[in-house]
Amino acid sequence: MTTGATVWLTGLPSAGKTTIAYELAGRLREQDRRVEVLDGDEIREFISAGLGFSREDRHTNVQRIGFVAELLARNGVIVLVPVIAPYADSRDAVRKRHEANATPYVEVHVATPVEVCSVRDVKGLYAKQAAGELTGLTGVDDPYEEPEAPDLRIESQHQTVQESAASVYALLNERGLA
């Protein structure tokens with residue numbers, strides 16, 4: 001069986017996490033790798049329905065995603081997880097779960113500045129927040145704790161999606177995971 005791994009892409013809303021994940025998934029599938037993308041929006045709809053956006057609920061959501069990711073990864077799947085995961089302690093708990101099971105884990109910080117994310121505004125969240133229709137937007141009026149030592153840092157505003165995905169692929173390849 002081939003080695004699985006979890007690739008956790010964290011960053012602000014509209015940073016490019018999901019777009020990079022799907023681009024990377026396509027590249028990995030071309031190499032005949034088993035790949036799953038655990039999209040944060042889909043997880044909230046199907047696995048974490050009913051959770052809100054309090055710190056506790058966000059932590060619970062991240063732990064649920066981390067559990068599913070580790071389960072798949074230890075069974076030979078490369079799991080791409082484009083999820084905001086705003087709190088360092090939540091991400092650390094996911095990393096520790098992987099370490100406890102000797103499952104490869106890679107943290108990628110998609111470090112797109114909030115100014116760029118708000119222009120992209122893929123889901124209209126920044127516009128809603130600016131209009132007073134939304135509170136608790138990560139990186140604006142709710143905290144985002146940047147990873148102190150990610151395995152890879154991507155500044156998506158300075159490269160194409162393909163270049164960003166290629167940099168993650170190169171790291172996976174370097175670690176014998178691609």
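In which strand is the place of glutamate 36? Glutamate 36 has its place in strand S2, which covers residues 35-37; helices (H or I, at least four residues) and strands (E, at least two) are DSSP runs, numbered from the N terminus. The model is a predicted one, in which local features need pLDDT of at least 70 and side-chain atom pairs count only at pLDDT 80 or more, while totals for chains, interfaces and linings use all residues. Residues are numbered from 1 along each chain as its sequence is written, and side-chain values use heavy atoms, with hydrogens and water left out.

Glutamate 36 is partly exposed, with a relative accessible area of 40%, where buried means under 20% relative accessible area, exposed over 50%, and partly exposed in between (1.4 Å probe, protein chains only). Leaving aside neighbours within four places in sequence, glutamate 36 is in contact with Arg29, Leu72, Val77, Ile78, Val79 and Leu80, contact meaning heavy atoms within 4.5 Å. The C-alpha atoms of glutamate 36 and serine 167 are separated by 19 Å, and the two residues are 131 residues apart along the chain.

Arginine 44 is placed in helix H2, residues 40-46, and counts as buried at 17% relative accessibility. When residues up to four places away in sequence are not counted, arginine 44 touches Ala49, Leu51, Gly52, Phe53, Arg58 and Asn61. Between arginine 44 and isoleucine 65 there are 9.4 Å in space, C-alpha to C-alpha, and the pair is 21 residues apart in sequence.

**Helix packing**

Two packed helices are described by the angle between their axes and the distance between the axes. Here the axes are lines fitted to C-alpha atoms, for helices over the stretch in contact, and angles run from 0 to 180 degrees between N-to-C directions. The table gives two helix pairs.

| Helix pair | Angle | Axis distance |
|---|---|---|
| H1 (residues 17-30) and H7 (residues 161-174) | about 60 degrees | 9 Å |
| H3 (residues 55-73) and H4 (residues 88-100) | about 20 degrees | 9 Å |

Angles under 35 degrees count as roughly parallel, over 145 as roughly antiparallel, 65 to 115 as roughly perpendicular and the rest as oblique. H1 and H7 are therefore oblique to each other, and H1 passes H7 in a right-handed crossing; a crossing is left-handed if the near helix is turned anticlockwise from the far one by less than a right angle, and right-handed if clockwise. On the H1 side the contact is made by Thr19, Ile20, Glu23, Leu24, Arg27 and Leu28, and on the H7 side by Val161, Gln162, Ser164, Ala165, Ala166, Val168, Tyr169 and Leu172. By class, the contact of H1 with H7 has nine nonpolar, three polar and two charged residues, where Ala, Val, Leu, Ile, Met, Phe, Trp, Tyr, Cys and Pro count as nonpolar, Asp, Glu, Lys and Arg as charged, and the others, Gly among them, as polar.

H3 and H4 are therefore roughly parallel to each other, and the crossing of H3 and H4 is right-handed. Their contact involves Arg55, His59, Val62, Gln63, Gly66, Phe67, Ala69 and Glu70 of H3, together with Asp89, Ser90, Ala93, Val94, Arg97 and His98 of H4. These residues divide into five nonpolar, five polar and four charged.

Glycine 66, a residue of H3, is buried, with a relative accessible area of 0%. Apart from residues up to four places away in sequence, glycine 66 touches Trp8, Val94, Arg97 and His98.

Tryptophan 8 also belongs to an aromatic pair, and a search of the whole structure finds one such pair. The ring centres of tryptophan 8 and tyrosine 105 are 6.5 Å apart and the planes are at 40 degrees, so the pair is tilted; rings of Phe, Tyr and Trp (its six-membered ring) pair if their centres lie within 6.5 Å, and planes under 30 degrees apart count as stacked, over 60 as edge-to-face and the rest as tilted. The pair links distant parts of the chain, with tryptophan 8 in strand S1 (residues 5-10) and tyrosine 105 in strand S4 (residues 105-110), 97 residues apart. Both tryptophan 8 and tyrosine 105 are buried.

**Positive phi values**

Most residues other than glycine have a negative phi. Serine 14, in the loop between S1 and H1, has a positive phi near 70 degrees and counts as buried at 15% relative accessibility. Aspartate 121, in the loop between helix H5 (114-120) and helix H6 (125-130), has a positive phi of about 35 degrees and counts as buried at 14% relative accessibility.
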